Amino acid sequence: MDIIGKWVVSQAMQMGDDGFVWRKKDEIRDVDPEDVEEMFSGVMFFEPDGRVVTAMKIPEGVSKEELDAAVEAGEVKLCGDGYMALEETEWREEDGKILYKTSMKGEILGEEVDPWQPLKETEDGFELMFSRYTKA
């Protein structure tokens with residue numbers, strides 16, 4: 001899988017009648033429409049240098065002046081066209097697998113949690129936690 005580039009949420013995991021199921025945006029049930037929009041608004045930019053930037057669109061109604069002031073104050077970092085960064089982390093390839101560095105820390109049953117988690121490949125992208133991503 002060529003991981004470099006912009007990835008968008010294509011499906012989200014939701015509890016169904018028979019357990020968890022993957023649903024597209026228009027299939028999500030019993031969730032406030034604003035929350036559904038938020039679930040599907042995230043994008044990930046995988047960079048060749050091993051960085052991953054999770055971002056969201058700049059909210060409507062934010063003026064250029066407000067945005068420039070927030071960037072200058074260090075409150076916002078822009079990425080891509082019309083996006084602002086929410087989080088930066090790392091990725092790497094190891095033994096043919098793409099690994100993503102999560103923010104997980106601590107222990108489970110006395111074993112230290114490895115923050116590097118493999119991205120599970122899907123037919124048209126990958127799964128990470130409760131979202132499926134496809135290349136934009």
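**Entry 1: Contacts along the chain.** I looked up how far apart in sequence the contacting residues lie. Among contacts of the protein chain with a separation of 6 or more, 54% join residues 24 or more positions apart. I note that the model is a predicted one.

**Entry 2: Overall make-up.** I then recorded the secondary structure, which comes to 2 helices and 13 strands. The C-alpha trace spans about 50 × 35 × 30 Å along its principal axes. I read that 32% of the 136 residues count as buried. For the accessible surface I noted about 9,400 Å², with 48% of that area belonging to carbon and sulfur atoms.

**Entry 3: Charges.** I looked up the charged side chains and found 16 positive and 34 negative ones. The centres of these two sets lie 3 Å apart.

**Entry 4: The largest pocket.** Which element gives the most to the lining? I found that E6 does, with 5 residues.

**Entry 5: The loop between E2 and H1.** I examined two residues here. Asp30 is found in the loop between E2 and H1, and its phi is positive, about 55°, although Asp30 is not a glycine. Is Asp30 buried or exposed? I recorded Asp30 as exposed because its relative accessibility is 84%, and the cut-off for exposed is over 50%.

Val31 is placed in the loop between strand E2 (19-23) and H1. I classed Val31 as partly exposed because its relative accessible area is 31%, a value to be set against the limits of 20% and 50%. Apart from its neighbours within four places in sequence, Val31 is in contact with Gln14, Val36 and Met39.

**Entry 6: The loop between E12 and E13.** Finally, I looked up Met129, which lies in the loop between strand E12 (125-128) and E13. Phi of Met129 is near 60°, which is a positive value in a residue other than glycine.

Note on methods: Residues numbered from 1 in each chain as written. Predicted model: local features only at pLDDT ≥ 70, side-chain atom pairs only at ≥ 80, totals over all residues. Heavy atoms only, no water. Helix = DSSP H or I, 4+ residues; strand = E, 2+ residues; numbered from the N terminus. Buried < 20%, exposed > 50% of the residue type's maximum accessible area, 1.4 Å probe, protein only. Contact = heavy atoms within 4.5 Å. Areas by Shrake-Rupley, 256 points an atom, 1.4 Å probe, with all protein chains shown as cover. Lys, Arg positive; Asp, Glu negative; His and termini not counted. Charge placed at Lys NZ, Arg CZ, Asp CG, Glu CD.
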